[in-house]
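Here's a quick tour of a protein complex, written for someone new to reading structures. Keep the picture open while you go through the points.

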Amino acid sequence: MSIHTAHLSIRNLQKTYPKTTAPAVDDVCLDVAEGELVALLGPSGCGKTTTLRMVAGLLDPSAGEIVVNGKDVVSTPVHKRRMGMVFQSYALFPHMNIAENVSFGLQMRRLSRAEAAKKADEALDMVQLGHLRDRRPAELSGGQQQRVALARALVIEPTLLLLDEPLSNLDAKLREAMRHEIRSIQQRLGTTTLFVTHDQDEALDMADRIAILNNGRIEQYAPPSEVYDRPATRFVANFVGKANFLDVENVEKLGNDTYRVKTNEFGVLEVRGVDGLDPTRASLVVRPHRLTTTRVDESVKSSRPASIGEVIATSYTGNVQSYEVRLNESAVLRVDQLTDTLRDLRMGDRVQLTFDPAEAYLVSDE
Amino acid sequence: MTLTQMGSRKRTTGFRSRRRWELFGLLFPGLLGIFVGFVLPVFVMFRMSLNTHGTGGQLVESVSLGAYRDALTDPFYWEVIGNTLVLGLGCGAAATVLSYPLALFLVRTTSKWKGVLIALAIAPLLTSAVARTYGWIAILGDQGVINDSLMRIGVLDAPIQLSNNLLGTTIALVEILMPYAILAMISGFGRISPSLEEAAGSLGASKLKTFVRITLPLSLPGVFTGFLLVFVLAISSFVTPRLLGGGRVFILATEVYNEATQTLNWPLASALSVILLVVFGLMIAVYQRLIAKFEG
Amino acid sequence: MWKFFNQVLVTVVYLFLLAPIIAVVLISFNGSAKLSIDLGSPSLQWYASMLMNEGFIEGAKVSFITASIVALVVLCFGVPVALAIARYDFRGRSFVSGLFLSPLLVPTVVLGLGLLLVFQPIALTGTYAGIIIAHFGITVPYVIRTTLMSLTTSDVSCEEAAKVHGANSWETFRRVTLPIISPGLIAGAVMAFIISFDEAVISLFVAGAGRTTLPVEMFRYLQYRSDPGVAALSVILIAISVVIVIVVERAVGLRKVMNS
């Protein structure tokens, strides 16, 4: 995506808090296209919320630019940035009723009372809460408050919608329903959205693209499937989805993104990998569900790389059965397979593990 | 945001200086008020203590320690300082001893009246010191409740002296200041968990032993805070010593008032004020040492 | 045994604490001028005489006016300071918050003397302005403390939400912060009012011969005579305090704010 068509463009953004030395956000660059939903994903303290707050104008960057519609907004005060934001605590005004909450931004924009009320009602209908317009926030459930917060942020037709961990205070069932509701409203309105979360499922499910942050830096910025199948770094592979790492040696570059590597467990393999990685600092990622198991006694000859090990742990989570298989002293791999009583394995069973090298991926160890 | 950061980035100074002006606007009226109503008077009082009181009663601008010399060479003022300390320590000790069981009771009680009981213990705070001093005059005076009833039932022939002296002043001040000690102790006792005492009990410690070895040491910081509060409030009290002392109780606070409004010896009044502040400061320093010892 | 002893002890301490208030209430109905409890023929004569005492009426008027203005002034000056301390990060912040609490660490006699020394040369003694300025220092810490309490326990993101959605600093304060912290403001203002209304020592220094407040009038009266009149007056004042506290407690929960 070229910078010229980007709706939001964050350039070399940096934030160092007073009395600290390490920057909380370090040289972050990010382009978001019109109508796109981008998730900022990372563990707590990775700088994702700090980035979002700088975009909102609630924090001053130490350096860098935040360009919205071609204009640097860093020196624009927060209340003039025309953004909509949903907070983790929802931050509904406790002393106003729902309709007043939603029309707050419109009143600040000096809309007439009647017009503000009309738009607020439309926004409340959009989140299916029109019937609660006269209630106070404290009388609403968490999910309802969350939808009011969304309506309040969207009613002003913001240039950017900012969501700060909006689902983390909801219970698991509701969280999933809200994901889809937020996503469908966002797509219907075509609002460019920046979404902060620490929940990888949320990011994979909702985002057009995911920026994974670690220690204030972006480790990878790509669509969900790419982040999952072709993680740029060991950190990304580990943070998004489950991952097994195999040590590799004799890394040899074959093409732009193809390599020949030698592993202790599965021999020499031809795999794809991150372009331009340091051959001495690389690991091979194999997702647990890409591994297949067969009992040693019934094993069939396979053309795929194979290795034999012992089941040392099993766990059952309904639709998925997981095993830990020890191949040697240093390699214990996790295997996920859909529950299948025919292939039920027990502790101590000796099994053969195989996988398709095309589904493994070589990542940088950074 | 710090000033150094502001200087390092020119691009956003407009935004930042706006916040700086807001901050200035927020703080200015309050700072002006606290300056005129507090900082300036205290400063002027310090300066006044270095002036001298001329023989004709006129004020002589100077920088001398004459007023302090006058105060500290006169045995009368040593007695005043002594009285002040006796009053402070006496009130502190009595209020601590009396508040301790009450505070412990209020922390422990599971009664549904707990709220009311706490309110009742600190309610006296909401009635003016003048009114409560008056109440004590009515109780302790020569024709007051105590003397009147004791004489009526024939225990006494002549009234015993309970007012117009340090004893009566101390009794009244203990009552007037106790709510502070109770409040301090209640908040200090919060961290003593009953399960510790139960544990000690289950290990075979007697009630008395549990109290001496567990409850008392844990409650000491709250006790110190209560004592300090009562001490400093007692030595700076004026209304009660003046009214209940009937002009015969001389402590630093009453002498400051006398010198300032009767004798009109402002340098001496100021010097006595500074001495009072020094006693104050010493006591707070001792308290901080003690607390540091017990919490460190 | 231990428990019984403890209960007796607690009861005795309570009696001691409430003794002067009980005495004052009983004496106020005395039938004679004796300053002891004398309820042989209870009467309301002392209430009547108090309500006709011009000095006290005038003092009450002055006290009421000054306490009201002090509460208002302290709110207007103190709340912005609390806002700055809670919401702005600036150098010297802990100094500022210490400075505004320090008047409570100075004996009122000392502060009263200082104020007298400042006011005398510029003829501020015995004026409304003088009394109000004098009461500023001892009341502002309470307003700042209760306001800070409300500010630190309220959700900052409400204010952030207001700003993001288009409110400038003033609108944010007016429409969001102020309504949310108003219980703390009311509690602080009530405490400021009560403290100013009851304050005797500082007023004694600065009241001079002009305006005198009710506590000063009572003090001066008591210096020369003691009759049950002041008891009646005290009962009236206690009743007013109790009513104010109950009303505020019902409205905003004073206990919550005072517990800090």
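Let's start with helix α4 of chain A, whose buried residues are A:Q145, A:Q146, A:R147, A:V148, A:A149, A:L150, A:A151, A:R152, A:A153 and A:L154. Bear in mind that everything here comes from a predicted model.

**Helix α4 of chain A**

- Helix α4 of chain A covers residues 142-154.

**A hairpin in chain A**

- Strands β17 (residues 320-326) and β18 (residues 332-338) of chain A run antiparallel, and 7 bridges join them.
- Together β17(A) and β18(A) make a hairpin, with 5 residues between the strands.
- If you want one pair to look for, find A:Y323, which stands opposite A:V335 in β18(A).

**Two residues with positive phi**

- A:A91 isn't a glycine, yet its phi is positive, near 55°.
- You'll find A:A91 in the loop between β6 and α2 of chain A.
- Is A:A91 buried or exposed? A:A91 is buried, because 26 other C-beta atoms lie within 10 Å and the cut-off for buried is 20 or more.
- A:N215 isn't a glycine either, and its phi is positive too, at about 50°.
- A:N215 sits in the loop between β9 (209-214) and β10 (217-222) of chain A.
- A:N215 counts as partly exposed, because it has 16 C-beta neighbours inside 10 Å.

**Chain A as a whole**

- Chain A has 8 helices and 20 strands.
- Its C-alpha atoms fill a box of roughly 80 × 45 × 40 Å along the principal axes.
- Of the 366 residues in chain A, 41% are buried.
- Take the contacts in chain A with a separation of 6 or more: 65% of them are between residues 24 or more positions apart.

**Chain C as a whole**

- The box around the C-alpha atoms of chain C is roughly 70 × 65 × 30 Å along the principal axes.
- Chain C has 260 residues, and 54% of them are buried.
- Among contacts in chain C with a separation of 6 or more, 77% link residues 24 or more positions apart.

**Where chains B and C touch**

- How many residues does each chain bring to this contact? Chain B gives 63 residues and chain C gives 68.
- On the chain B side, helix α2 (residues 13-48) of chain B supplies the largest share, 17 residues.
- The chain B side that touches chain C divides into 45 nonpolar, 13 polar and 5 charged residues.

**Nonpolar cores**

- The largest nonpolar core has 162 residues, and B:L177 and B:V230 have the most contacts inside it.
- Leaving out residues up to four places away in sequence, B:V230 touches B:C91, B:G92, B:A95, B:L177, B:Y180 and B:A181.
- Apart from that core lies another, of 106 residues, with A:L52, A:L194, A:A232 and A:F239 among them.
- In soluble globular proteins, nonpolar side chains tend to be buried together.

**How confident is the predictor?**

- For the complex, the predictor gives an ipTM of 0.87 and a pTM of 0.83.
- Chain C has a mean pLDDT of 87, with 96% of its residues at 70 or more.
- Chain B has a mean pLDDT of 85, with 93% of its residues at 70 or more.
- Where in chain B is confidence lowest, and where is it highest? It is lowest in helix α1 (residues 3-8) of chain B, with a mean of 39, and highest in helix α4 (residues 75-108) of chain B, at 92.
- Over residues 1-13 of chain B the pLDDT is below 50, and this stretch has 13 contacts in the model beyond near neighbours in sequence.

Conventions:
Residues numbered from 1 in each chain as written. Chains lettered and ligands numbered in written order. Buried ≥ 20, exposed ≤ 12 C-beta atoms within 10 Å, placed from the backbone. Contact = placed C-beta atoms within 7 Å. Helix = DSSP H or I, 4+ residues; strand = E, 2+ residues; numbered from the N terminus. Nonpolar A, V, L, I, M, F, W, Y, C, P; charged D, E, K, R; others polar. Expected span 1.5 Å × (residues − 1). Pairing = 2+ DSSP bridges. pLDDT = per-residue confidence, 0-100. Core = buried A, V, L, I, M, F, W, Y, C linked by C-beta atoms within 7 Å.
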